[in-house]
Amino acid sequence: MLKFKFALGAFCAVLLFLYSCNSENKNRVPEEKAVHEEVAPGSFNLNSGIKFDSNHIREFLDSMPLFKQFSKEFDTFYRANNYNYAWYDKNGLIETAGALTSSLNEVKQEGVTAYIPYKDTLEELLHTTDLRAPDITTELMLTGEYFYYAKKIYAGTLNGKADSINWYLPRKKLSYSTLLANNLNSGSFGESRGDVTGLQYNGLKKALAHYRDIESKDDEVIIPAIKKSIKQKDSSATVAAVRKRLMQLGYITAADTAGQVYDQNLAGVVRKLKDVYGLKQDSLLSNELVTELNVPAKKRIEQIMVNMERLRWLPEDTTVSKEFILVNIPEYTLVYYENAKPVWRCGVVVGTPMNKTVIFSGDMRYVVFSPYWNVPKSIINKEVKPGMARNKNYLAAHNMEWNGGQVRQKPGPRNSLGLVKFLFPNSNNIYLHDTPSKSLFNETNRAFSHGCIRVAKPRDLAIRVLRRNPEWTQEKIDEAMHAGKEKWVTLKQTIPVYIGYFTAYIDGNGEVNFRKDIYKNDDRLYNMLVQN
């Protein structure tokens, strides 16, 4: 198997908060992060010593219009190289040209559609021209194909359209001409993705090959639906079907496929797989697990492809920061990274499909202990004032008070933000916070909020983010959380927070995991991929 692997009064107040958490940002445009140019180090000065007339570039692009999108890159690259041939030296076509053609032939392995413009033309040129003598059409064709490949594989085909599908994380902007110069100098093709992104991308690439192999055999086992969960020592024909499907998916070997008894060994595999699919952690063979196992390889391939595309958008520095927080919305998980390694995690509650948590990033600057909740005007007009008309003690019953013409909920255990919140200022009004509704963290699907992100272990998170504020000991943090008086603390060093959306990813054990597409983003992205 592949080893790859994010009281009534109080209750009413919580309901008010659920409505308001995202009410002020439904029509708000998410804050855009500045996109910086990311270039690889190296020199453009290849200087083969064999020059050509720069007019050939214009003539070539007129004859190959699909490469006109890279006209600026053509000019930048060859001007910096003094209009020398780059794919030839005095002995003829360099070996790196073969590496490029091999990459073009294997582009499908990168999780993209296989269309490459003018590929047949390039192959004909390589077979009919004298490779020992420089040929300007072959030269410029190789450069054009490289730029197309770099856009598709290194930057991501839909990089420039990501905001149209509500993806507001920082995005990579590559200089294809610089990258080409570096790849030619090194004699190989590649682009640094960073430790975290690289592990994820390479793991999904292997998973893609695995599921394509399953699809190619066209004999997928379908497990019958289970009306009642099967427990250890039960005997059922369904168990035999489960064993066959697990072998097909690579989770067990042929030696483990015999028998209809649900034994201890199979129960151990089931428990592991429930983690892989984000299901309730037990050893019961449930219909929820059967449903996940029955997902066709074709659908898993599509799921992996869209997540590889999302990873291609991420700039390398997103994942090499010494310290950062990643919230993966479909996983309902917050992961804390140090030196590009996951060191701590906890569950979260995210926005409902009607009130989606925004996919974006920010820098955590403040921790607020015993916070007030400032009730939005819309809630005051729609809920609070009518409530006061019915009950003169409405504010007191909800632990609220007037404050300069506004209503706020006072600090304390009944506060809808809980005992602490974590701010990374942004125009979306999204933040991390505690909650009095602890029972929701027991659910496997935790899309219950109106946009803000509730943290299962807020005290532990506070201790971790305040490590560089040594005066904030665990005892002082506990005291501030229960003080009933709002206290703002400024972090000595801001911490990047990334709110991402990955429905297929590699876990800490190197296992590929799959999650439900709760916001229905995958199908749209896949359709856009195959159309580009």
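A: Let us start with the classes used to describe a lining: Ala, Val, Leu, Ile, Met, Phe, Trp, Tyr, Cys and Pro count as nonpolar, Asp, Glu, Lys and Arg as charged, and the others, Gly among them, as polar. With that in hand, and keeping in mind that this is a predicted model, the lining of the largest cavity divides into five nonpolar and three charged residues, with no polar residue.

Q: How much space lies in the largest cavity, and which residues line it?

A: The general idea is that rolling a probe the size of a water molecule over the atoms shows where empty space is left. In this model the largest cavity holds about 40 Å³ of space, and its lining is made of Y211, R245, L249, Y277, E292, L293, V295 and R300. Two helical elements, α9 (237–249) and α11 (287–293), each contribute at least two residues to that lining.

Q: How much space lies in the second largest pocket, and which residues are the closest to its centre?

A: The second largest pocket has about 450 Å³ of space. Its lining comprises 20 residues, of which E73, K172, K173, L174 and Y176 are the closest to the centre. The elements giving two or more residues to this lining are α3 (71–80), α6 (136–156), β4 (173–174) and α7 (176–186). Sorted by class, the lining of this pocket has eight charged, seven polar and five nonpolar residues.

Q: Before we look at the strands, what are the overall figures for the protein, such as its helices and strands and the share of its residues that count as buried?

A: The secondary structure amounts to 17 helices and 18 strands, and the C-alpha trace spans about 90 × 65 × 45 Å along its principal axes. Of the 532 residues, 55% count as buried, while the accessible surface comes to about 24000 Å², with 50% of it belonging to carbon and sulfur atoms.

Q: How do I read a sheet, and in what order do the strands β9, β10 and β11 stand?

A: Strands of a sheet pair through backbone hydrogen bonds, either parallel or antiparallel. Here three strands make an open sheet in the order β9-β11-β10, with antiparallel pairing. Because β9 and β10 stand at the edges and have a single partner strand each, one side of each is left without a neighbour in the sheet. On average, and with direction ignored, neighbouring strands of this sheet are turned by 35 degrees against each other.

Q: How many bridges join β9 to β11, and how many join β10 to β11?

A: Between β9 (residues 373–375) and β11 (residues 406–409) there are three bridges, and N374 is found opposite R408 of β11. Four bridges pair β10 (residues 400–403) with β11 in the antiparallel sense; W402 has V407 in β11 as its bridge partner, and M400 has Q409 in β11. The strands β10 and β11 form a hairpin with two residues between them, and G404 in the turn takes a positive phi of about 60 degrees.

Q: Which strands does β6 pair with, and is β6 mostly covered or left open?

A: On one hand, β6 is joined to β5 by six antiparallel bridges, with E338 in β6 as the bridge partner of E323. On the other hand, six bridges join β6 to β7 (residues 341–351), again in the antiparallel sense, and Y337 stands opposite P342 of β7. A hairpin is formed by β6 and β7 with two residues between them, where N339 in the turn has a positive phi of about 50 degrees. As for cover, five of the six residues of β6 are buried, and the strand is mostly covered.

Q: Where does Y332 lie, and why does Y332 count as buried?

A: Y332 sits in the loop between β5 (323–328) and β6 (333–338). The hairpin of these two strands has four residues between them, and within it Y332 takes a positive phi near 55 degrees. Since buried means under 20% relative accessible area, Y332 counts as buried because its relative accessibility is 4%. Finally, Y332 and G347 are 15 residues apart along the chain, with their C-alpha atoms separated by 5.8 Å.

Notes: Residues numbered from 1 in each chain as written. Predicted model: local features only at pLDDT ≥ 70, side-chain atom pairs only at ≥ 80, totals over all residues. Heavy atoms only, no water. Pairing = 2+ DSSP bridges. 1 Å grid on protein atoms, 1.4 Å probe; cavity = no way out; pocket = protein on both sides within 12 Å on 5 of 7 lines; lining within 4 Å. Points joined across faces, edges and corners; volume = space filled by probe spheres on them. Buried < 20%, exposed > 50% of the residue type's maximum accessible area, 1.4 Å probe, protein only. Areas by Shrake-Rupley, 256 points an atom, 1.4 Å probe, with all protein chains shown as cover. Axes fitted to C-alpha atoms, helices over the stretch in contact; angles between N-to-C directions.
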